[in-house]
Number of protein chains: 2
Amino acid sequence: MGAPANFLQYVDNNADSFIKRLGEAVKIQSISSDARRRQETIAMGLWLNDQLTQLGVTTKLEDLGTHVMQGQTLQLPYAIIGKLGEDPKKKTVLIYGHYDVQPALKSDGWATEPFELVVDNEKNRLIGRGSTDDKGPIMGWLNVIQAHKELGLDLPVNLRFCFEGMEENGSEGLDECVIAEVAKGKDGYFGGVDCVCISDNYWLNTRTPALTYGLRGIAYFAINVSGPGQDLHSGLFGRMVHEPMTDLIKLMSKLVDHDGTILIPGIDEMVPPADEEELKLYTKMDYSTADVEESAGASIALSDHKETVIMGRMRNPSLSLHGIQGAFSDVGCKTVIPSKVAGKFSLRLVPPQTPEAVIPLVKAYIESEFAKLNSKNKMNVEYLHGGKPWVADVKHWNFEAAKKAIESIWKKSPDYTREGGSIPVTLTFAESLGVNVLLLPMGRADDGAHSTNEKLDRSNFIEGTKVLGTYLYEVAVAA
Amino acid sequence: MGAPANFLQYVDNNADSFIKRLGEAVKIQSISSDARRRQETIAMGLWLNDQLTQLGVTTKLEDLGTHVMQGQTLQLPYAIIGKLGEDPKKKTVLIYGHYDVQPALKSDGWATEPFELVVDNEKNRLIGRGSTDDKGPIMGWLNVIQAHKELGLDLPVNLRFCFEGMEENGSEGLDECVIAEVAKGKDGYFGGVDCVCISDNYWLNTRTPALTYGLRGIAYFAINVSGPGQDLHSGLFGRMVHEPMTDLIKLMSKLVDHDGTILIPGIDEMVPPADEEELKLYTKMDYSTADVEESAGASIALSDHKETVIMGRMRNPSLSLHGIQGAFSDVGCKTVIPSKVAGKFSLRLVPPQTPEAVIPLVKAYIESEFAKLNSKNKMNVEYLHGGKPWVADVKHWNFEAAKKAIESIWKKSPDYTREGGSIPVTLTFAESLGVNVLLLPMGRADDGAHSTNEKLDRSNFIEGTKVLGTYLYEVAVAA
């Protein structure tokens with residue numbers, strides 16, 4: 001069925017004013033991880049709340065309390081919970097987005113002022129911090145609602161909203177807030193939600209729209225090794241004592257092979273191999289190792305075999321060594337034997353893996369490897385944090401609706417992708433609401449979400465707005 | 001022959017005033033590595049220069065120029081070059097010491113104010129920064145000269161002095177200064193020097209005086225591995241690309257075995273095994289693995305075999321892994337794939353090893369191990385700095401004189417020790433002057449030279465002063 005022609009026309013006609021509103025949002029430096037910007041982050045939430053209420057959305061500002069950051073006790077930015085439409089004959093779609101952004105300084109290497117939205121008319125790009133992550137997508141939803149209001153059109157579905165201001169800083173307080181709202185049942189804002197749509201990730205490349213149906217989980221560990229009572233001088237003690245770094249480096253070297261194979265017995269084995277049908281998915285995908293190497297900034301793909309590389313990110317677990325706490329890490333030369341070191345690494349998990357399932361394997365293996373060292377140092381494996389992986393059913397009408405919307409606007413079928421990283425709230429929605437969650441990215445792979453010169457292509461903003469609107473019409477008729 | 005009885009008596013009678021003078025020296029916060037204390041470090045040199053001239057020493061203050069530190073261009077503390085006595089019939093002894101100290105804050109864990117010399121009458125200890133390293137030994141020499149001046153005694157030898165104020169910060173400018181002075185031949189202060197005595201290290205334990213005849217050299221390296229154009233997100237790129245940390249940790253794990261064996265082919269093999277005579281030296285030494293473990297603060301000796309542990313420090317090379325630059329090193333959890341990492345390690349060298357001899361072995365081995373990884377990352381091995389090991393002839397009259405002085409004062413034969421660390425000026429003196437250099441420690445193993453609550457036992461200061469004086473008499477008659 002698609003969206004009405006006058007909606008699509010309205011979006012084209014009002015593109016400039018939509019971009020202007022995105023510019024107003026970008027101007028507010030809502031950097032959630034910087035204590036000095038906390039008031040601006042809160043102000044950004046209030047600005048967004050104003051926009052929503054002016055468009056007829058009923059909202060409430062959820063006070064998430066305080067937290068301690070950078071030595072200060074700070075008020076958390078509000079979570080904005082909202083609703084628009086109460087028609088029992090319509091489906092109800094819950095929309096999530098976040099209004100906070102990553103830090104940015106011009107001196108980081110930006111070609112323009114990061115908090116001024118610059119329209120690059122040559123490349124048709126909107127450049128500025130938050131343009132694609134995640135103010136652009138939020139503005140996309142506002143554009144859709146505004147169009148219907150101005151045109152006097154009824155929205156085809158009831159909408160529910162959950163916008164937060166701490167996504168770039170651990171989403172503190174959000175899970176509890178969502179779970180509490182869900183627990184209110186029909187009396188709460190999230191009563192009767194039929195599906196969830198999150199627009200907060202990216203196409204796999206710069207050419208083909210994507211729908212994302214999976215995210216890897218994570219299990220983050222530290223290997224703590226300690227020995228001497230204090231840091232020792234390597235001249236005085238070298239070759240007299242068991243050095244914690246020698247043990248730690250040996251243990252860290254036993255975790256992952258240079259080709260990415262996880263050496264901890266039982267981890268890779270938990271994941272069933274891809275069957276022919278699944279393999280075809282990756283073969284079909286509009287993606288190449290050249291795409292990987294372009295985004296990594298170097299020719300370092302683990303394989304020339306496209307499917308192997310894609311599966312490495314989307315359907316296989318991975319293990320990365322992040323660094324060592326307590327060792328010498330500065331420039332220059334220090335002849336220290338560090339007394340207490342912590343090697344940090346994490347596993348990215350895929351179904352059916354869970355942190356609970358991998359923790360005992362990780363601990364047992366490292367303990368057995370440590371025993372082989374005959375060291376008099378002390379060692380323990382510490383599980384620091386984690387989250388389960390998530391995979392959605394792509395045959396659900398929620399995904400079908402999004403697919404039709406993309407085909408209708410972009411004239412192209414989407415790539416079905418799984419992401420290598422985690423968006424924890426996805427799992428919170430899926431588990432607490434028990435409904436299908438869809439990740440519907442607006443931006444492209446080269447948007448530079450957490451990097452310098454973050455951008456959103458003009459077409460992704462404008463056509464993307466049309467996709468979001470059309471998606472709601474497809475949801476309305478889906479079954 | 002020994003020292004005259006009235007000299008020894010004078011030292012006992014004036015112990016309190018000697019301690020008072022040490023207290024004045026400790027009070028001056030001559031922390032050479034702290035730009036904020038540079039003026040005090042220079043002031044300490046001027047105070048010492050005053051003391052020397054008042055005692056009849058002819059001095060010159062060597063301006064070593066400036067250097068840049070902590071973002072400031074700073075004047076270097078003066079080297080004090082001095083002479084006392086020009087009798088051609090006497091031997092000439094060059095004395096070295098340093099008047100700068102390590103940093104110290106009460107909040108580091110000091111029980112007393114670090115820059116107030118506290119006399120602990122219960123344990124008979126003099127507690128304060130610099131008490132043992134190296135203001136105590138310098139004051140010891142002043143005590144000896146003062147005693148002779150006050151008693152109207154001729155010193156048995158001519159004395160030459162070299163005191164610096166940058167030892168704890170790389171001895172910047174000193175080598176050039178020493179070499180230039182030596183190059184002046186008979187016209188310079190160091191013309192006609194017969195031997196050198198350095199009192200700037202420690203007994204092997206808390207019981208037996210020591211004479212030190214060897215120091216290990218050093219060769220410090222970085223293994224640089226780089227890949228991605230920028231740091232990557234481990235969720236997005238884990239198991240898609242060659243991660244520099246995976247390669248680096250593998251390489252670092254191939255350098256040293258958990259028992260201290262150096263795995264780089266040819267390094268350990270350069271050092272001939274100890275023969276029976278040498279082994280007896282270690283067996284005889286008043287030292288146990290319990291001593292090692294006490295000073296290391298934990299039961300982590302590499303072996304229960306005393307000789308193995310002693311040889312590990314004194315006559316064998318060692319390899320220590322110091323840390324990694326560029327990786328995540330903070331508290332908490334960061335899911336980063338670092339793009340560029342540098343693993344730091346150093347080798348302690350013993351004769352006949354030199355940095356020049358080991359560098360090609362280190363580079364070739366690591367390069368061959370890297371080749372096995374089939375990684376697309378870039379790797380290079382960087383030699384950062386180094387110095388040759390030093391060993392002196394213990395049968396030289398300079399050592400014999402010191403041995404007799406120790407036996408006369410302490411009623412005990414000294415341990416003959418080699419130190420695991422480096423005092424680069426030792427080699428500079430030995431090579432530029434071509435004479436025997438003796439390390440004659442004043443303090444004990446538990447003095448905590450670079451640590452909190454640094455102390456010098458009262459007996460080590462007072463009896464140590466007697467040893468220094470007696471040593472000069474023994475030198476005078478030695479042949």
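This is a predicted model: local features need pLDDT of at least 70, side-chain atom pairs count only at pLDDT 80 or more; totals for chains, interfaces and linings use all residues.
**Exercise 1. The surroundings of Asp100(A)**

Leaving aside its neighbours within four places in sequence, which residues is Asp100(A) in contact with?

Step 1: Find the residue. Asp100(A) sits in the loop between β5 (92-98) and β6 (118-120) of chain A.

Step 2: Check its burial. Buried means under 20% relative accessible area. Asp100(A) has 0% relative accessibility, so it counts as buried.

Step 3: List the contacts. With the neighbours within four places in sequence set aside, Asp100(A) is in contact with Ser30(A), Ser32(A), Thr41(A), Asp133(A), Glu164(A), Gly165(A), Met166(A), Glu167(A), Glu168(A) and Asn169(A).

Step 4: Look for a polar partner. The side chain of Asp100(A) makes a polar contact with the side chain of Ser32(A), at 2.7 Å.

**Exercise 2. An annotated pair**

*Solution.* 

Step 1: Decide on burial. The cut-off for buried is under 20%, and Glu167(A), with a relative accessible area of 19%, is buried.

Step 2: Collect the contacts. Not counting residues up to four places away in sequence, Glu167(A) touches Tyr96(A), His98(A), Asp100(A) and Asp200(A). With one of these, His98(A), there is a side-chain to side-chain polar contact at 3.3 Å.

**Exercise 3. A histidine in a helix**

Is His148(A) buried or exposed? Find its polar partner as well.

*Solution.* 

Step 1: His148(A) lies in helix α4 (residues 135-151) of chain A.

Step 2: Its relative accessible area is 2%, so His148(A) is buried.

Step 3: Beyond residues up to four places away in sequence, His148(A) touches Phe7(A), Leu153(A), Asp154(A), Leu155(A), Pro156(A) and Tyr473(A). The side chain of Tyr473(A) also makes a polar contact with the His148(A) side chain, at 2.6 Å.

**Exercise 4. Where the chains meet**

Describe the interface of chain A and chain B by residues, area and polar links.

*Solution.* 

Step 1: Chain A gives 84 residues to the contact and chain B gives 84 residues.

Step 2: About 6400 Å² is buried between chain A and chain B, with carbon and sulfur atoms giving 56% of that area.

Step 3: Between the two chains there are four salt bridges. One of them joins the side chains of Asp268(A) and Arg239(B), at 2.8 Å from N to O. Across the interface, 46 residue pairs are in polar contact.

Step 4: Now look at the side of chain A that touches chain B. Its largest share, eight residues, comes from strand β13 (residues 318-325) of chain A. By class, this side has 35 nonpolar, 32 polar and 17 charged residues.

**Exercise 5. A covered helix in chain B**

How many residues of helix α13 (residues 424-433) of chain B are buried?

*Solution.* 

Step 1: Seven of the ten residues of α13(B) are buried, leaving the helix mostly covered.

Step 2: The buried residues are Val425(B), Thr426(B), Leu427(B), Thr428(B), Phe429(B), Ala430(B) and Leu433(B).

Step 3: Look at what follows the helix. Just after α13(B), Gly434(B) takes a positive phi of about 65°.

Terms used:
Residues are numbered from 1 along each chain as its sequence is written. Chains are lettered from A and ligands numbered from 1 in the order in which they are written. Side-chain values use heavy atoms; hydrogens and water are left out. Helices (H or I, at least four residues) and strands (E, at least two) are DSSP runs, numbered from the N terminus. Buried means under 20% relative accessible area, exposed over 50%, partly exposed in between (1.4 Å probe, protein chains only). A polar contact is a pair of N or O atoms within 3.5 Å; within protein, one must be able to donate a hydrogen and the other to accept it, and residues adjacent in sequence count only if both atoms are side-chain atoms. Contact means heavy atoms within 4.5 Å. Buried area is the accessible area (1.4 Å probe) that two parts lose on being put together, summed over both. Ala, Val, Leu, Ile, Met, Phe, Trp, Tyr, Cys and Pro count as nonpolar, Asp, Glu, Lys and Arg as charged, and the others, Gly among them, as polar.
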